[in-house]
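Please look over the model below with these notes at hand. They take the surface first, then the rings, then the annotated spans.

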Amino acid sequence: MDFLYFLFGYIGIFALVSVFVMFSGASPFLSNISDKLKGLCLKIVFTLVPGVVIRSVTKSVDYVFNTRNHVMQLVFVVLVLGGNIIFMLDVLPLLYIFEPDKNHIFFPLFLLFTNAAAYHLCAGTDPGRVTSKNAAMLASLYKADGVLFKSGSECSTCRVIKPARSKHCKICNQCIHRFDHHCIWTNSCIGAGNLRYFLIFLVTLMAMIINGAVMSSRAMVLVVSHLKIMESGYWDPYTGQVQPVTFPVLIQHLFMQQPRCIFLITSLVMLTFLLGLFTLYHIYLLIINQTTNERYKLASLPCDKQSSLFCNNNSTEHSAILPGESRRNGFKRCHDMHSDENERNFGLKNEGLVQSGHSKPNNNPAKTTDTKNLDSFYNRGLLHNVKEVFLPWAQLKDVKQIKPRNPEIRKPKKS
C-alpha cells in the first residue's frame with residue numbers, strides 16, 4: 001500500500017497549500033500559521049542553500065511573476081497538451097474498446113479548440129489601454145464614486161487623467177480601463193477589452209477539466225466492470241491467503257496497470273475544486289458588476305479615527321478593527337455602528353475621506369458619494385452588467401480610438 005500513502009500525501013499537501021494560499025488572508029489564525037511556516041522555511045532555506053542559488057532563484061521568480069514574459073504561457077500550453085496527450089493515449093483507447101459505438105472524441109476536441117481560441121483572444125486583445133486620445137471618451141462610461149475612484153485624478157506615470165474604474169498596471173506599465181487584474185497565464189492585463197474572452201476561457205477550461213475527469217473515471221469503471229475485478233480476489237503475501245478485493249487494493253491495482261490515468265484523474269479532481277472556486281468568483285463579480293481590483297480596494301479601506309468617514313472620534317473604542325476580524329468586515333462594522341447616527345454631518349474632502357465633525361452638510365452632489373452603496377455603485381442589474389462585459393464599447397461612438405491595432409507596451413523605467 002505504499003502507493004496509497006504516496007497518493008494521499010500528495011493530495012494532502014496539495015490541499016493544505018491550497019487552503020493557505022486561498023484563505024490565509026481572510027483568517028488571522030491561518031495567517032499566523034502561514035507566517036510561522038514561511039519564517040521556518042526561510043530559515044531552513046537560508047541555512048542549507050548557498051547564497052548564489054538563492055539570488056538566482058529570486059531573480060528568476062521576479063522575472064517570471066513581475067515582468068511581461070511568455071514563461072507561464074508556455075507552462076500552461078505544456079500542461080494542457082500533456083493532459084490531452086495522456087487522455088488520447090490512455091483513456092480514449094479504453095473507451096473505444098468497451099464502448100465502440102459512441103463518439104468519444106468530438107466533445108473533448110470541441111472544448112480544447114474553443115478554449116484555445118478564447119485563450120488566444122484573451123492574450124492578444126487590447127485589454128483597454130488608456131491613452132491621452134481616448135481618456136476623455138472612456139471617462140464618459142462610468143462616474144467616479146468619490147471614494148475608490150476620484151474624478152480628475154492623474155496617473156503619475158502615464159500623465160493622463162484616469163477614467164473611473166481604471167488602474168495603472170506596473171507590470172505592463174500602462175493604465176487599463178476597468179482593470180481587473182494582471183494574469184500571468186495570459187501574459188496580459190484583464191480589463192474591459194478582454195474580460196469577456198477571459199470569462200469564456202475560464203468556463204471552457206473548467207468544462208474541459210470536468211469532462212476529462214469524468215471520461216477518465218468512466219474508462220476506469222469500464223475496466224473494473226469488464227474484468228470483474230471487484231468479484232475476484234488477490235493473494236495476500238502476509239497471510240498467505242486469498243483475500244477479497246477492497247477499494248484500496250483496487251486503486252493500487254489500477255495504478256499499477258494505468259498509472260498515468262490515475263494521476264490524471266487525481267490532478268483533474270483537485271483542479272476542479274481550485275479552478276471552480278476561481279471561476280465562480282469571477283462569475284460573481286460579473287453578476288454584481290465589480291472587478292478584483294475594486295474588491296481589493298474595498299477591503300483595504302481604512303477604518304481608524306484619523307482617516308475613516310465611518311469611525312467616530314468621540315468613540316475610540318470603535319475606531320479600530322477588532323482582533324480576528326478582516327479589514328473588509330471591519331469596514332462594514334464601522335459603517336453599521338454609525339448608520340443610526342444620521343444627525344451627525346460628515347463631508348468628503350479633496351484629499352480623501354476625512355471626518356468633518358459638526359460642519360455643514362455638503363450640498364454639492366458631484367462631490368458627495370453614498371458610501372453605504374459602494375458595493376453596488378456600478379451594479380445596474382444582471383442584464384446590463386452582462387452587456388457591459390460582453391459589449392464594453394457599445395456606448396461609444398468612435399471605437400477605433402479604443403482598440404488600436406498594435407497597442408504599444410512600454411517597458412518600465414529603471415529607477
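1. Patches are made of residues with over 30% relative accessible area and no salt bridge; like charges are joined within 9 Å, nonpolar side chains (Val, Leu, Ile, Met, Phe, Trp, Tyr) within 5 Å. A salt bridge is a side-chain nitrogen of Lys or Arg within 4 Å of a carboxyl oxygen of Asp or Glu. Accessible areas come from the Shrake-Rupley method with a 1.4 Å probe, and for residues only the protein chains shown count as cover.

2. This is a predicted model: local features need pLDDT of at least 70, side-chain atom pairs count only at pLDDT 80 or more, and totals for chains, interfaces and linings use all residues. Residues are numbered from 1 along each chain as its sequence is written, and side-chain values use heavy atoms, without hydrogens and water.

3. Tyr-63, Val-71, Val-75, Leu-79 and Trp-185 make up a nonpolar surface patch. Together they have about 430 Å² of accessible area. Helix α4 (residues 71-98) gives the largest share, 3 residues. Helices (H or I, at least four residues) and strands (E, at least two) are DSSP runs, numbered from the N terminus. Trp-185 sits in the loop between β3 (181-183) and β4 (188-190). Its relative accessibility is 34%, so Trp-185 is partly exposed (buried is under 20%, exposed over 50%, partly exposed in between; 1.4 Å probe, protein chains only).

4. The whole structure holds 9 aromatic pairs. Phe-198 and Phe-201 are a tilted pair, because their ring centres are 6.5 Å apart and their planes meet at 40°. The rule: rings of Phe, Tyr and Trp (its six-membered ring) pair if their centres lie within 6.5 Å; planes under 30 degrees apart are stacked, over 60 edge-to-face, the rest tilted. The two residues are 3 apart in helix α7 (residues 195-227), so about one helical turn separates Phe-198 and Phe-201. Phe-198 is buried at 1%, and Phe-201 is buried at 4%.

5. Phe-377 and Tyr-378 pair edge-to-face, 4.9 Å centre to centre with 80° between the planes. Phe-377 is partly exposed at 30%; Tyr-378 is buried at 6%. Arg-165 lies over the face of Tyr-378, 4.4 Å from the ring centre (NZ of Lys or CZ of Arg within 6 Å of the centre and within 35 degrees of the ring normal).

6. An unreviewed UniProt entry places "transmembrane region" at spans including 105-121 and 261-287; such annotations may be inferred rather than shown by experiment. Residues 261-287 are 100% helix, with end C-alpha atoms 37 Å apart.
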